[in-house]
Amino acid sequence: MATTHSLTPAMQRQRNARLRRSALYLALLAIALVAPFVAYPVFLMKVLCFALFACAFNLLLGFAGLLSFGHAAFLATGGYFTGIMLASYPGLTPELGILIGTSAAVVLGTLFGVVAIRRQGIYFAMVTLALAQMMFFFFVQAPFTGGEDGLHGVPRGELFGLISLADNLNMYYFVLAVFVIGFALIQRTVHSPFGQVLKAIRENEPRAVSLGYNVDAYKLVAFIISAGLAGLAGSTKTVVFQLASLTDAHWHMSGEVILMTLLGGVGTLFGPVVGAGLVVSLQTQLAQSPLGNWVSVILGAIFVICVLSFRSGIVGEIQKMVRKNFK
Amino acid sequence: MTMIFGVPLAVFMGQLMLGLINGAFYALLSLGLAVIFGLLKIINFAHGAQYMLGAFAALLGLQYLGINYWLALLLVPLVVGALGVVIERTLLRRIAHLDHLYGLLLTYGLALIFEGALINFFGVSGSSYPVPEALQGGLNLGFMFLPTYRGWVLVAALVVCLGTWFMIERTRLGAYLRAGTENPALMQAFGVNVPLLITLTYGFGVALAAFAGVLAAPLYPVSPTMGSSLLIVVFAVVVIGGMGSILGAVLTGLGMGLIEGLTKVYYPEAANTVIFLVMVVVLMLRPAGLFGKEA
Amino acid sequence: MTFNKTLLASTIAVTAMMASGAQAQMSNDAVRIGYLADMSGTYRDLAGPGGLEALEMAVEDFGGEVNGVPIEVFSADDRNSADVGANTVRGWIDQQNVDLVAGMVASSVTIAVTKVLEEAGGLGIVSGSAASSITNEHCTPNHIHWVYDTYPLAHGTAKAVVEQGGDTWFMLTADYAFGHALENDVTQVVEEHGGEVVGRVRHPFPTNDFSSYILQAQGSGADIIGLANAGSDTVNAIKTASQFGLTQAGQQLAGLLIFLNDVHAMGLEATQGLLLTTGWYWDMDEQSREWAERYFERMGRMPTMVQAGIYSSTMHYLNAVDAVDTDDPMAVRAQMAETPVEDMFARNGRIREDGRMVHDMYLAEVKTPEESTGEWDLYEIKSTIPADEAYRPLSESQCDLVNQ
């Protein structure tokens, strides 16, 4: 109102929304910065890694409408490659190790993507599942993964050869930085013209085709970005926990990331973060409580309740409420 | 001795026989999945858990109620099928209008619940179910010693598969079912109770899974996790055969059993993976599966 | 050599005692034990909730406190995932100041946890895991391996079987590191004693249907089918073998990693005559029987060797804490190594410098249904493998703690 009279109400609204969003991001970042002084840093790092994984998955499901049932393959690929590099070449700094792991996931994502994106809906889900099962087989057979025993003793090393990551606080801020970069990339992707086309494909693919978009190319790029970020999450996780294991490659992991995303809110930016936080805390807390034996029953029940009564997830439902009451 | 690719002929024949028996299981399970998918368009992720419930119901029936194997073969599919009817009525119906992927997620959640709950009560070591007296011992087929029970499994599974196929292709109910798969709205307009048809179809698919579970009980340890490892293999079978294709599911089931059987001889390490390789190749060449109709 | 090492160890112990004597003796005025195990997955029945019960039994029998401070027990389900396990233990040590981590089943989890223990300066007693690498290339000064490992299982069983005349073997191996290691151990022993391994098949882990592999084993004509797998794979293989009339046709099975709960689950009909090596059996003598019956009253099941080992190791730990009057890990570890282990579980037990608790192992044969007098009357102990011969000799060790 007071700033410039040339702004239309619509532009004004957009501008306010942008301001509000920036304020929200800043507030969240501030919370993330002080969090390790309140909560246990290793736990927070685990949440951040899975949050990035879920965000990467959500880029595909929420913004391109593709349900991948094989995302564990990328998490594991990132993890194993980073782990092997860091464990075998002691001079290698962790950020380079992570870069290598992420690149491996990008290469794998390209291969998977070329094969899978030509299929739709359930067939897409099944092809990704099949490819991920083949990767699982590869990880079991390959001599360098340690098979069932897993890959152990990955050094955290020194970031850029300078900052020791053995210290949990240093490690935490590094993981936070990785997460913020990954999240920003997703945010930019979603709000770019590219992201708009993805949404158009999700809503009505034939129409996008008739508008002249090369739908397959868009889907493939989205798939590769998603795979790369999932690999980044896996690589970072390996550095944090200093190990990589078959758990990350198992199809249950692909199911778990769906749960995280669904619970938090498919197609919302923050949903997967909230979902990952909740699932990881549930697993950690429940595992140590008398309800420990019931973890899978409780997760299953959450799945059912989510699908039945709040499909937009926690963040999605909140957004709906906000829109209803403050517009 | 005649050799086939470095394996004695007798061993080779024996392996084919065993592959066929495993294939019969795949056929039975994927048949149920295909029937459900045909009408409901839902991938029933709880199928493995329902198979497991079938085996457990038989075991508990024997231990606590004295229900013998033959009675269990009849009763258990009814009981577990009834549970399927309840699931469809109370849960699946409410999400029928949504994207079918939600059905997959809901049934995945159900599978976690069933498995987790049974693990708490029965542990995971599993218990054994005795082979019924009439089917003990074995047959000498010349090229192998075949336990009578396995022979029975092959026959029983094939009879049920054929019976189901006959019912769907040759009876009025089957005609409704096929029509409902094509165009449910039109069927409703013709006065067919489509919601009831859907409920019964789901119940029937679940009953098939439970039947397979009872057949499996004397073969494998009855444990809460017995279904989850089988499940994704059966998915692959259905996808390769073509979603919703009844004949495709049965034939692919048997075929995959054979392929897996041969893999166990020549490259045993890959026995769990070969089916996924076949699936990727098939979907590359025929996107709707071997027997599916192109969309 | 040995004398010098013992001397060194006791010097360290005394120094540690003096050093800690000056400080507060028990951290946080409590001795905290964390029980980490698979509480819901494949290995649940082997240790699981039953192992926690054994641990709590030990704490109760000890009186619930050591030198006036209470003993607190934590527990967590590792869900057989290395990162869940490592993460839990890191949290326990960083946040709850847990003094001892007990249980530990899946080898991948155990190896990950012991790395954390070494880094964070904790103490762990591994009771459930099989891998002999835990006190070999993966040894640390911060953990002890209590009940058994693959070395005595493979060596004990294979040697006994070959000596009984079973000299042609066919190996049924789970296709992962653990299975390969067992297979190599067995092959070595069989060949050393004049036998021969005529064939092998490596099956995926896990496998549901073993009929194809059993048929291959049958076709091999070997006397003995060695099962280099574990848990549900072994159970499946044995059941299938019995259906295919393997034993009736004159071949014999040798289980390399079989637990009481497996035999109980399969029943004697399918398992009779099976030879196996075990670290403990509830009915092996008066002491073990007396304890097992107390356990049975609480759980309604007879304990496995792992569950018994958890009780035994917890007692040994608490006794050591009591003796040195501190919960400092290194001091307690040294005191534990000083004291021989002789209780309801171990005969001639002692803790070596690589962290291996060596004790007498037993060669057992599963009874026939006619011989068995009760639900849990399952094994007959055939012979004892003395502690000094049972485990991998230190001369072959790759552990850094030994070669120093």
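**Notebook: chain A and its side towards chain B**

I began with secondary structure: chain A has 13 helices and two strands. I note that this is a predicted model.

Next I checked the overall dimensions. The C-alpha trace of chain A spans about 65 × 45 × 45 Å along its principal axes. I then compared the radius of gyration with the globule rule: a compact globule of 327 residues would come out near 20 Å, and chain A has 20 Å, so the two agree.

I looked at packing too. I found 52% of the 327 residues of chain A counted as buried. For contacts in chain A between residues at least 6 apart in sequence, 76% join residues at least 24 apart.

Then I turned to the UniProt record, an unreviewed entry. Its "transmembrane region" annotation covers several stretches of chain A, including residues 23-44, 124-144 and 294-314. I checked two of these spans against the model. Residues 23-44 of chain A are 91% helix and 0% strand, with end C-alpha atoms 22 Å apart. Residues 294-314 of chain A are 81% helix and 0% strand, and their end C-alpha atoms lie 23 Å apart.

My last stop was the partner chain. I see 30 residues of chain A in contact with 32 residues of chain B. On the chain A side, helix 5 (121-141), helix 10 (251-264) and helix 12 (295-309) each give two or more residues. Helix 5 of chain A provides the largest share, 11 residues. I sorted the chain A side by residue type and got 22 nonpolar, six polar and two charged.

Notes. Residues numbered from 1 in each chain as written. Chains lettered and ligands numbered in written order. Predicted model: local features only at pLDDT ≥ 70, side-chain atom pairs only at ≥ 80, totals over all residues. Helix = DSSP H or I, 4+ residues; strand = E, 2+ residues; numbered from the N terminus. Rg over C-alpha atoms; globule rule 2.2 N^0.38 Å. Buried ≥ 20, exposed ≤ 12 C-beta atoms within 10 Å, placed from the backbone. Contact = placed C-beta atoms within 7 Å. UniProt positions renumbered as here; feature names shortened; annotations may be inferred. Nonpolar A, V, L, I, M, F, W, Y, C, P; charged D, E, K, R; others polar.
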